[in-house]
Amino acid sequence: MTAIKKVKQLGFHWETQDPFLFCAYHKDQFPKGNEHLGPDPELLQGRPIGQDFTLKNGWRMYHGQRVPGFPAHPHSGFETVTLVEQGFADHSDSLGAAGRFGNGDVQWMTAGKGVMHCEMFPLLNQEKENPFLLFQLWLNLPKKSKGVDPYFRMLWNEEIPVVNEKGVQLKIVAGSYKGTKAAAPTPNSWAAEDINEVAIWTIKMEAGAKLEIPTASDGTNRTLFFYNGNEIETEGFTIPKEHSLDLIPTESITIKNGDTPAELLFLQGKPIGEPVVQQGPFVANSHQGIQEAISQYQKDQFGGWPWESYENVHAANKGRFAVHADGREEVKS
């Protein structure tokens, strides 16, 4: 009897289980920034600017022209949970909200009935390289919540609970671990109800360290992503890095790390169990729902774009901050 259901090799976008739609993983060793918070223009020669997803010299521009990132684009019918472990992300949206977050911060955004936003990755350091590591989870919304107003909540790094034990550092973005509970997510999230057992943990393990993942309720989906390190041992198997493990929820499992530090991401949740129809950044329960969302976007661009550029980047001297659609402002050091 093993607690492992399936082992899969990781691709560019990681396959997840209901209630998650997928996980985007971005790891870049960006160069020094210039006065526009992007790479030196000479470094952009030979790249397919606007569609640069090939790792070249350790980094990509994605859809950015001057600054790496994702210019204004729509979302509806689901949530994005964006974990910026290294580097920074600049957020701007069609509601007039904005923010800069990074180095461990998390933005939890409910797209609901629809929002446009851009996510740019400013290269704030002009003296040395700008290493970058970001996970973006697409977490589905149940039918009852797909039409709610857009909303985001910041989970600042210094406020996210961390459990340290015997060479393991476990950061609780959602859910709980051995009695330590995460801060509340957005109010209309599937994760807002404890009965859904949604968990998002980032895990760092020293060489030789062990981690026990406790059981969950029957029917809960759970996946462990091993993305950095050498190898881990569990259930009599040796798993190399860049693999994921789908786990049986009713069995606890112990992970033993190999001879180098390791980093993992753990996702868990009871499935929503509703039909999923997806067309790019639009998620609905039916094809009619998709057409309605697209029609609304074509009609009003989910509120229009109040910024001068579709690649809006905040001032170089701005620190970590968030301005919400209702005018409420958060400022961090």
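Among contacts in the protein chain between residues at least 6 apart in sequence, what percentage join residues at least 24 apart? The figure is 73%, where contact means heavy atoms within 4.5 Å. This is a predicted model, in which local features need pLDDT of at least 70 and side-chain atom pairs count only at pLDDT 80 or more, while totals for chains, interfaces and linings use all residues. Residues are numbered from 1 along each chain as its sequence is written, and side-chain values use heavy atoms, with hydrogens and water left out.

**Overall build**

- Helices (H or I, at least four residues) and strands (E, at least two) are DSSP runs, numbered from the N terminus.
- The C-alpha trace spans about 55 × 50 × 35 Å along its principal axes.
- Of the 333 residues, 55% count as buried. Buried means under 20% relative accessible area, exposed means over 50%, and partly exposed lies in between (1.4 Å probe, protein chains only).

- Seven strands make an open sheet with antiparallel pairing, in the order 1-21-18-23-16-13-12. Two strands pair if DSSP finds at least two bridges between them.
- Strand 1 (4-9) and strand 12 (162-165) stand at the edges. Each has a single partner strand, so one side of each has no neighbour in the sheet.
- On average, neighbouring strands of this sheet are turned by 20° against each other, direction ignored. Axes are lines fitted to C-alpha atoms, for helices over the stretch in contact, and angles run from 0 to 180 degrees between N-to-C directions.
- Strand 18 (residues 221-228) has seven of its eight residues buried, so the rest of the structure largely encloses it.
- Strand 18 pairs with strand 23 (residues 262-269) over seven bridges, in the antiparallel sense. Strand 18 is also joined to strand 21 (residues 243-247) by four bridges, again antiparallel.
- Leu 224 has bridge partners in both of these strands: Phe 266 in strand 23 and Leu 245 in strand 21.
- Six bridges pair strand 13 (residues 168-174) with strand 16 (residues 199-205), in the antiparallel sense. Lys 171 has Thr 202 of strand 16 as its bridge partner.

- Another open sheet has six strands in the order 4-9-6-7-26-27, with antiparallel pairing.
- Its edge strands are strand 4 (69-75) and strand 27 (329-331), and each pairs on one side only.
- Neighbouring strands here are turned by 15° against each other on average, direction ignored.
- Strand 4 runs antiparallel to strand 9 (residues 115-120), and five bridges join them. His 75 has Val 115 of strand 9 as its bridge partner.

**Ser 94**

- Ser 94 sits in the loop between strand 6 (88-93) and strand 7 (98-102). Its relative accessibility is 7%, so Ser 94 counts as buried.
- The side chain of Ser 94 reaches the backbone oxygen of Phe 302 at 2.9 Å. A polar contact is a pair of N or O atoms within 3.5 Å; within protein, one must be able to donate a hydrogen and the other to accept it, and residues adjacent in sequence count only if both atoms are side-chain atoms.
- Beyond its neighbours within four places in sequence, Ser 94 touches several residues, including Val 115, Met 116, Gly 303 and Trp 305.

**Asn 285**

- Asn 285 lies in the loop between strand 25 (282-284) and helix 1 (287-300). Asn 285 is buried, because its relative accessible area is 18%.
- Its side chain makes a polar contact of 3.2 Å with the side chain of Glu 274. A polar atom of the Asn 285 side chain also lies 3.0 Å from the backbone oxygen of Pro 275.
- With neighbours within four places in sequence set aside, the contacts of Asn 285 include Lys 143, Lys 146 and Val 277.

**Cysteines**

- A disulfide is a covalent bond between the sulfur atoms of two cysteines. The search counts a pair of cysteine sulfur atoms within 2.5 Å, and finds zero disulfides in the whole structure.
- Cys 23 has 0% relative accessibility, so it counts as buried. Cys 118 also counts as buried, at 0%.
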